[in-house]
Amino acid sequence: MWPALSARQGLMRQACNRELAHMTHSLTSRTMVQVRLALKSDCGCSRTLSALERDARSSGLTGAEIDAALEKRSFEVRTNAAIAYACALQSGNQRVVDEA
């Protein structure tokens, strides 16, 4: 459950969701599962993380790639950029988004 959001935070979350939806059209399933792992890496839910790790393995990711995604990074330049941008959007901090 998300905590109560201010109007600005709500708008940022909507923009994040739209941007991520746009990103899915041009990113591979391997990249998307790495982005999902990075975004959920600190959720604290073992069930969620286990399901994401299963998805990652079925997408062909190695253990090292999964570990990197959980640390919000990737060995691939484009995937690393996608992760950085998605995490910046998730933060809701416009300065961080601009820097990503």
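Residues are numbered from 1 along each chain as its sequence is written. Because the model is predicted, local features need pLDDT of at least 70 and side-chain atom pairs count only at pLDDT 80 or more, while totals for chains, interfaces and linings use all residues, and side-chain values use heavy atoms, with hydrogens and water left out.

**Helix packing**

The axes (lines fitted to C-alpha atoms over the stretch in contact, with angles from 0 to 180 degrees between N-to-C directions) of helix 2 (residues 29-40) and helix 5 (residues 77-91) come within 9 Å and cross at roughly 40°. Helices here are DSSP runs (H or I) of at least four residues, numbered from the N terminus. In the contact (heavy atoms within 4.5 Å), Thr31, Gln34, Val35, Ala38 and Leu39 in helix 2 meet residues of helix 5 that include Ala82, Ile83 and Ala86.

**Salt bridges**

A search of the whole structure finds three salt bridges, each being a side-chain nitrogen of Lys or Arg within 4 Å of a carboxyl oxygen of Asp or Glu.

| Pair | N to O distance |
|---|---|
| Arginine 30 and glutamate 65 | 2.8 Å |
| Arginine 30 and glutamate 76 | 3.8 Å |
| Arginine 73 and glutamate 71 | 2.9 Å |

Arg30, Glu65 and Glu76 are linked in a network of salt bridges.

Methods:
Helices (H or I, at least four residues) and strands (E, at least two) are DSSP runs, numbered from the N terminus.
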